[in-house]
Amino acid sequence: MKHRYQVIVAGGGASGMTAAILAAGSGLRTAVLEAGETVGKKLLATGNGKCNFTNSLQTPDCYRGSGAEAAGWLLKRCGTDRVLSFFEQIGIYPKERNGYWYPNSGQAASVREALYEELLRSGADVITCCRVKSVEPAESISRKQRTGNGKTGLERASSGAPCRPRFRITAGKRELLGSEPSRPERKKKEKPRYSEEREIFFEADHVILACGGSAGSFSGAEGSGFAVAEELGLGMAEPVPALVQLRAAERECGVLSGVRLEAAGKLILPGGAVFRERGEFLFTDYGISGIPAMQLSRFASVYLNRAAKPQDGCPKLFLDFFPDTEENKLAFLLEERFRRFGGRNAEGVLLGLLPSKLNYVLLCLAGLAPEKRPEPDSGFPEKAGRMLAGRMKRFLLTITGTNSFDSAQVTAGGVLMEELSADTLEAKRIPGLYVTGELADVDGTCGGYNLHWAWMSGMAAAESIIRNEGN
């Protein structure tokens, strides 16, 4: 049995729900095929559960990957005001804080539920536990690709051939059978029990691949859409974790675990490329986290996963704990402290400058015994302040990797923008097929940009289909 729709949206995440709402709302028979038990699950964790869904500052520099320029073009017709208007229309009252936009409820669940309710109101069919396994262009499209027939849609129509492409979608469907206790000792907490996956088939005039990336396994993300896109012959940039914690070789990270402080970070890749971020860094037992570290992680991850060769070495991250103070001035201030507090041990001299754990590590790296008091007649080494200033201005971390997709907020990589029309995200070689959200090679910085790309790309794809259908 085949289920026939005008529009099939593969994936019920942010971009998929947006596209389906617009397509179904225009009168097109639309279905959302979602692999998980519910749509929009990943939304619940965005913005620390508060859902920072867009940002007042919107420039192409906020987006990365081969589609960054396309994102800049789309922003001209789908900027912050358009996204805010869309959410107000579905019942979300927005609240702004320092340019970041949230639902006034402060709850990501509000955004997910509003989108779901609007999906139902639009008339779209929402089919959960339904994983898209393959998308095949219909014979008219396949024949054109095999023979090199370059006829346009209008030319095919005039010759009696169908002018609209059609697709066959194969999906794996599970059915809820009941429930079983997740653990014998916790009988009140039960998890769903499902049947074995069976194949189910769909036909559609248009397909939007909105399956999401590999980041966030808690939400069921598995990156299966990448395999579907590859099977269709679409060029790909290897998906890698982004907005993720960095792993470092230095053993000092274990001592510093839990230390949180403001700093300026400079990431240098082998070959000389330099990237900078400033903000609050957080040391962990394996390396470094915090928003600026996660912003930089995109570049380290791409290098380490795609380009790195053993002989090229690892990226270097230098942290400056006094970014507003020149090194010479900092050295002078430190030397003055050593003179003023000469009766204290070295840790006592630095008391109040930086977190105590960091003071201890910096002193050790500079060759100064943290707990030893100087001899009355000798004092601290003459160049103690200068040695410490260098460490404080250039604290080195050798980046050996990142945490996995399980910890990542977003995927960098996906379908290359050269495969897609920049203004519609339709595949150039497969008319009627669209790629949106995290499946495309576009990823944003922290601050609501990845969600803005999801809404924006879903809108662009749906509006293109609506124009083509004359709705």
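How many bridges join strand 18 to strand 19? Strand 18 (residues 316–320) runs antiparallel to strand 19, and four bridges join the two. The legends below start with an overview and then return to this pair.

**Figure 1. The whole predicted chain, with 14 helices and 22 strands.** Welcome to the overview! Because this is a predicted model, local features need pLDDT of at least 70 and side-chain atom pairs count only at pLDDT 80 or more, while totals for chains, interfaces and linings use all residues. Residues are numbered from 1 along each chain as its sequence is written, and side-chain values use heavy atoms, with hydrogens and water left out. Helices (H or I, at least four residues) and strands (E, at least two) are DSSP runs, numbered from the N terminus. Of the 471 residues in the protein chain, 52% count as buried; buried means under 20% relative accessible area, exposed over 50%, and partly exposed in between (1.4 Å probe, protein chains only). The accessible surface of the chain is about 21700 Å², with 48% of it belonging to carbon and sulfur atoms. Such areas come from the Shrake-Rupley method with a 1.4 Å probe, and for residues only the protein chains shown count as cover. Among contacts (heavy atoms within 4.5 Å) between residues at least 6 apart in sequence, 76% join residues at least 24 apart.

**Figure 2. Strand 19 and its pairing partners, strands 14 and 18.** Strand 19 (residues 395–402) is mostly covered, with six of its eight residues buried. Two strands pair if DSSP finds at least two bridges between them. Strand 14 (residues 246–248) pairs with strand 19 in the antiparallel sense over three bridges, and here Ala-248 has Ile-399 as its bridge partner.

**Figure 3. Phe-395 in strand 19.** With a relative accessible area of 4%, Phe-395 is buried. Beyond residues up to four places away in sequence, its contacts include Leu-256, Phe-283, Leu-317, Phe-318 and Leu-358. Phe-321 also touches Phe-395; the two are 74 residues apart along the chain, yet their C-alpha atoms are separated by 8.1 Å.

**Figure 4. Helix 2 and what covers it.** Why is helix 2 (residues 68–75) largely enclosed by the rest of the structure? Six of its eight residues are buried, so the helix counts as largely enclosed. The buried residues are Ala-68, Ala-70, Ala-71, Gly-72, Leu-74 and Leu-75. Their cover includes strand 4 (63–64) and helix 14 (449–469).

**Figure 5. A three-stranded open sheet in the order 3-6-5.** The pairing in this sheet is antiparallel. Strand 3 (54–55) and strand 5 (94–97) are the edge strands, each pairing on one side only. Strand 3 is joined to strand 6 (residues 100–103) by two bridges, and Asn-55 stands opposite Tyr-100.

**Figure 6. Two buried polar residues, Asp-205 and Asn-359.** Asp-205 lies in strand 12 (residues 198–209) and counts as buried at 2% relative accessibility. Its side chain makes a polar contact of 2.8 Å with that of Arg-4. A polar contact is a pair of N or O atoms within 3.5 Å; within protein, one must be able to donate a hydrogen and the other to accept it, and residues adjacent in sequence count only if both atoms are side-chain atoms. Asn-359, in helix 12 (residues 356–365), is buried with a relative accessible area of 3%. A polar atom of the Asn-359 side chain lies 2.9 Å from the backbone oxygen of Leu-354. Leaving aside neighbours within four places in sequence, Asn-359 is in contact with Leu-350, Leu-351 and Leu-354.
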